[in-house]
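Please keep the structure open as you read.

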Amino acid sequence: MELQHVNVKVSLPSPGGIDPEGFIPVFHGWIQDQVLEELLIDVASYAHVINGPGVVLIGHRADYSIDSTGGRLGLRYNHKAPLSGSNFERFKQSARAALQACRLLEENPQLKGLRFNAGELELFVNDRALAPNTPEIRAACEPELREFFQWLYQPIGFALELEKDPRQRFGARAKAVGAVEIKQLLERLKG
Amino acid sequence: MKASNALWKERLAGKLPEELAREIDIFETEVELRQQGKIEEKLFAETRLRRGVYGQRYDNGQRHDGKKTQSLKYPGGSTKGPNTLWDAPGMQRIKIPAGGLNARQLEVAGELAEEYSDCIVHVTTRQDFQLHFVHIEDTPVVMRRLASVGITTREACGNSVRNVTSCPYAGVCQDETFDVTPYARALSKFLLGHPDCQSFGRKFKPAFSGCKQHACGLVNMHDLGAIAVTSRENGTEARGFELYVGGGLGPIPHEAKLLDPFLPPEELLPMAQAIARVFARLGEKKNRNRARIKFLVKDLGIDKFRDLVLEERKAMPGDPRWTAFLEELDRHEEKPLRPPGQIPPAAGSEKYQRWLKTNIRPQRQEGYAVATVALPLGDITANQLRALADIVRRFTRDTIRSTVEQNFALRWISMADLPELHRALDAAGLGEPGACNLVDIVACPGTDTCKLGISSSRGLAGELRSRLATKSFQLDEAVQNLHIKISGCFNSCGQHHLADLGFYGVSRTINNYKVPHFQVVLGGEWENNAGSYGMSMFAIPSKNIPEAVDRLTEKYVRERQPQEKFKDFIKRIGRAAVKSLLDDLTGLPAYQTNPSYYSDWGDPREYTTSDIGAGECAGEVVPQVVFDLGAAEREAFEAQVLLEKGEVQKAGQMGYQAMVHAAKALVRNEFQDIPEDFERIVNEFRARFHDTQKFNDPFVGGKFAHYLFAAHKRDGAPFTLEQAQHTIEEAQLFIEASHGCYNRMVAPKAP
Ligand code: SF4
């Protein structure tokens, strides 16, 4: 089964609270300085909506957002354009893009002290026709998700929780069983 | 853009209402034809607008990043309208007649927001939904998925009849004369795609209200407005409408004029049709700034306009739909799910108590209430829509309405259920108090997404909202009930003219810097169906508006007379007093001292007006005949596709049909009510265009007309492959000749 429009969300622990509006100037800066090698268009703020998409950097092929959907804050990468290759390659591409964005944000002086948790990732398919969230699809695709996270989080292992609500999009949350650095994962995702 | 577009088409085949499915297939073909350069860009722009597919800021490929203008290098080279790049994201507007929705429709809207937009559904000031950042190639599937739950986007934008709005409390309001919902729905259905509404110079917005005194229908600011009234004759009460025409906001607001003080229900549809015909015939077409019906009414005067409408009404051929809907008025009546009850005494948190005070409105039906779900800036997430759908199913008989204040109204809630309802709403982040009062600020999209935006209306609304939310319940009650409305420019989509405190975006150049400002408009009347418009004062830098709001509200609390409304207060104290109160706020510090004044709320880029583009509110004025010829061309294209698939008979027939429809396009230009009868069309064409030699090509004379006559003469005889091929080729030539004929007809005569 071909899984397109892969989204990856990297958890952002916020014990002291994080103001999503603080990301607005940073994302504008990314457009100004053409920080990413892709067409970035604009920044949309929905910080006024509870548990919503937060602040979204709109791109042509993909969007990046500081998202708190489901009450879980994180950086979400939404790949909009179809991609060739295998599902595994598409998982890799989205994870790489999401983690690269996290690293850039962590390095930004305007966001001092920001630390993403690379050991907690959500991956879901933003397309209900390609991957309706049914027991059959979950059964068919779980091995591919496991294979990907196995590879990504080797050798420490992970726990996987599939999204079971049929109204939500097909996907899962993976938690590494030990500490993981963004740098480490990016190194692995390089190839 | 989406990999699953073909899959959805296949999956929903045969599952959509036939008419909607056909319309969407046609639009999809038009998208394809435009990509191939086979439809002219202006025609395609108006075509997509009439499907609710709207342009968005920066779609000309230029964006100022705060330092310089960057060119946005989209991959595709095509355009979807003048100066509008194919791949640039756009907005999809979704029509919600009378704001009426069910749970499944909420869920689907949420799914579309997640999969094609940015996870947000935006509720507009005309009860519509909007999705932003949608790719043009995904729009046919968005439309199909909406059609699968009975929603159309047809005529949501463009020079057409827009969403028919109505009070969200219709049917349950304590003060209404009668429930206007079935009438609003009937008008919406009747005018949708109506041939008499296809050649307006601008948009046409109808609204209904159940009473005169409240604001819910805003009839006074609409192109066509109907207020429910009754009259007594021979001891029996008869229903009717006060019918208004020619209201509108925009840069110069016009109050609607009374066309008929008592229009019986059976005359509602034909009268609206007659008005549409007069507007289509006499309304301005070239100068879009004077093309709304309000200008026609003003220029002619209401009495002359009325005479013309009545004359038109008399001449119109009858239509059974005019009265058919009256037999099923009861079908729209909503019923409760749960038994009536009383509010459980003294239960719940302080937030719940405040919510009860501001968001709950008792119904006319004892034991029931309407609960308003306040949406910040009209925005709601997909998860919230799903939660709301669950609430709709749990507490009502599957109905909810969107409101012109960018909220939702849950009706028929048993009073006994209110604590439970609030818990469910609050769990979804939808239990905020303050609906329809000071914090519930209405704002248009402004510079966030609108091409015409001058200042950030949503940015300012967000700022005011968060400042006022913390203190609104300590404020004087008179202030709590004020309305703030903000537009990003003078076009007034945020309805600032009707607010106690209204603002619209303007810019000023100060010390060689552009500075975002808002023009202050005070004392508009929201009640009495938008009874009167506010007084325009002067412009204040955006960053000083919150302070201006504080000062104005404080002065009102301090100095108002007992029971004095804000509008009367402003009138009494006058412009001079307002000026002296706010005068120091009109200035601003030098850039070097405080550069924050030189960027807008919610947007840290240094402010510029260079991103303002040409608006699509009006679209291009494309004459009906050009649309009809475009449709005939599409049929000729479809005929070719059928031939390629080996469907010879269908292909030949479609080629012939394309010719007849091109002939009809020309005939209709002279004879509005030409029926869909091929024999009649061909005869009318022969008499009006062939025999008069109007159709004759300057070089080959009447040759092309004979293609039509020959094809018509076949009288259903089967086609060979060669005959079908010829018919399609002849159809293409005939359509070309029809374009030529029309161009000659409209070309300026040599002096
Ligand atoms: S008022 Fe102006 S900025 Fe706001 S939506 Fe209308 S045209 Fe755009």
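The model is predicted. The largest holds 101 residues. Within this core, Phe408(B), Leu410(B) and Phe685(B) touch the most other members. Helix H20 of chain B, residues 648-670, gives the largest share of the core, with 9 residues. In soluble globular proteins, nonpolar side chains tend to be buried together.

Now turn to the interface. The size of an interface is often given as the accessible area lost when the parts come together. Here chain A and chain B bury about 3,600 Å² between them. Carbon and sulfur atoms carry 54% of that area. Which three residues supply more than any others of the area that chain A buries against chain B? They are Gln32(A), Arg128(A) and Arg167(A), with 19%. In residue terms, the contact takes 39 from chain A and 46 from chain B.

The polar side of this interface can be counted too. There are 22 residue pairs in polar contact across it, both residues at pLDDT 80 or more. On the side of chain A that touches chain B, two elements give two or more residues: helix H1 (23-32) and strand S2 (40-46) of chain A. The largest share comes from S2(A), with 7 residues. By type, this side of chain A divides into 17 nonpolar, 14 polar and 8 charged residues. The count of salt bridges between the two chains is 6. In one salt bridge, the side chains of Asp42(A) and Arg63(B) meet at 2.9 Å, N to O.

Salt bridges are the next stop. Side chains of opposite charge can pair when their charged atoms come close. Over all chains, the structure holds 75 salt bridges. Glu122(A) pairs with Arg72(A), with the closest N and O atoms 2.8 Å apart. Glu122(A) lies in strand S6 (residues 117-125) of chain A, and Arg72(A) in the loop between strands S4 (62-67) and S5 (74-79), so the pair ties together parts 50 residues apart in sequence. Glu122(A) is buried, at 12% relative accessible area. Arg72(A) is partly exposed, at 28%.

Arg411(B) and Glu334(B) meet in a salt bridge at 3.1 Å, N to O. Arg411(B) is in strand S19 (residues 408-414), and Glu334(B) is in the loop between helix H10 (321-324) and helix H11 (350-359), 77 residues apart. Are these two residues buried or exposed? Both Arg411(B) and Glu334(B) are buried. Arg394(B) and Glu420(B) form a salt bridge at 2.6 Å, N to O. Helix H12 (residues 382-395) holds Arg394(B), helix H13 holds Glu420(B), and the two residues are 26 apart. Arg394(B) is partly exposed, at 38% relative accessibility. Glu420(B) is also partly exposed, at 30%.

Salt bridges also link up into a network. Its members from chain A are Arg128(A), Arg167(A) and Arg169(A). Those from chain B include Arg104(B), Glu107(B), Arg386(B) and Asp390(B). Recall that Arg128(A) and Arg167(A) are also among the three residues that supply 19% of the area chain A buries against chain B.

Finish with the backbone. The peptide bond from Gln154(A) to Pro155(A) is cis, with omega near 0°. Pro155(A) sits in the loop between helix H3 (135-152) and strand S7 (158-162) of chain A. In chain B, Cys436(B) has a positive phi, near 60°, though not a glycine. Cys436(B) is in the loop between helix H13 (418-427) and strand S20 (442-443). Ser492(B) has phi near 70°, again positive in a residue other than glycine. Its loop runs between strand S21 (484-487) and strand S22 (501-510) of chain B. Ser492(B) is buried, at 3%, whereas Cys436(B) is partly exposed, at 22%.

Key:
Residues are numbered from 1 along each chain as its sequence is written. Chains are lettered from A and ligands numbered from 1 in the order in which they are written. Side-chain values use heavy atoms; hydrogens and water are left out. A nonpolar core is a set of buried Ala, Val, Leu, Ile, Met, Phe, Trp, Tyr and Cys residues joined through side-chain atoms within 4.5 Å. Buried means under 20% relative accessible area, exposed over 50%, partly exposed in between (1.4 Å probe, protein chains only). Helices (H or I, at least four residues) and strands (E, at least two) are DSSP runs, numbered from the N terminus. Contact means heavy atoms within 4.5 Å. Buried area is the accessible area (1.4 Å probe) that two parts lose on being put together, summed over both. A salt bridge is a side-chain nitrogen of Lys or Arg within 4 Å of a carboxyl oxygen of Asp or Glu. A polar contact is a pair of N or O atoms within 3.5 Å; within protein, one must be able to donate a hydrogen and the other to accept it, and residues adjacent in sequence count only if both atoms are side-chain atoms. Ala, Val, Leu, Ile, Met, Phe, Trp, Tyr, Cys and Pro count as nonpolar, Asp, Glu, Lys and Arg as charged, and the others, Gly among them, as polar.
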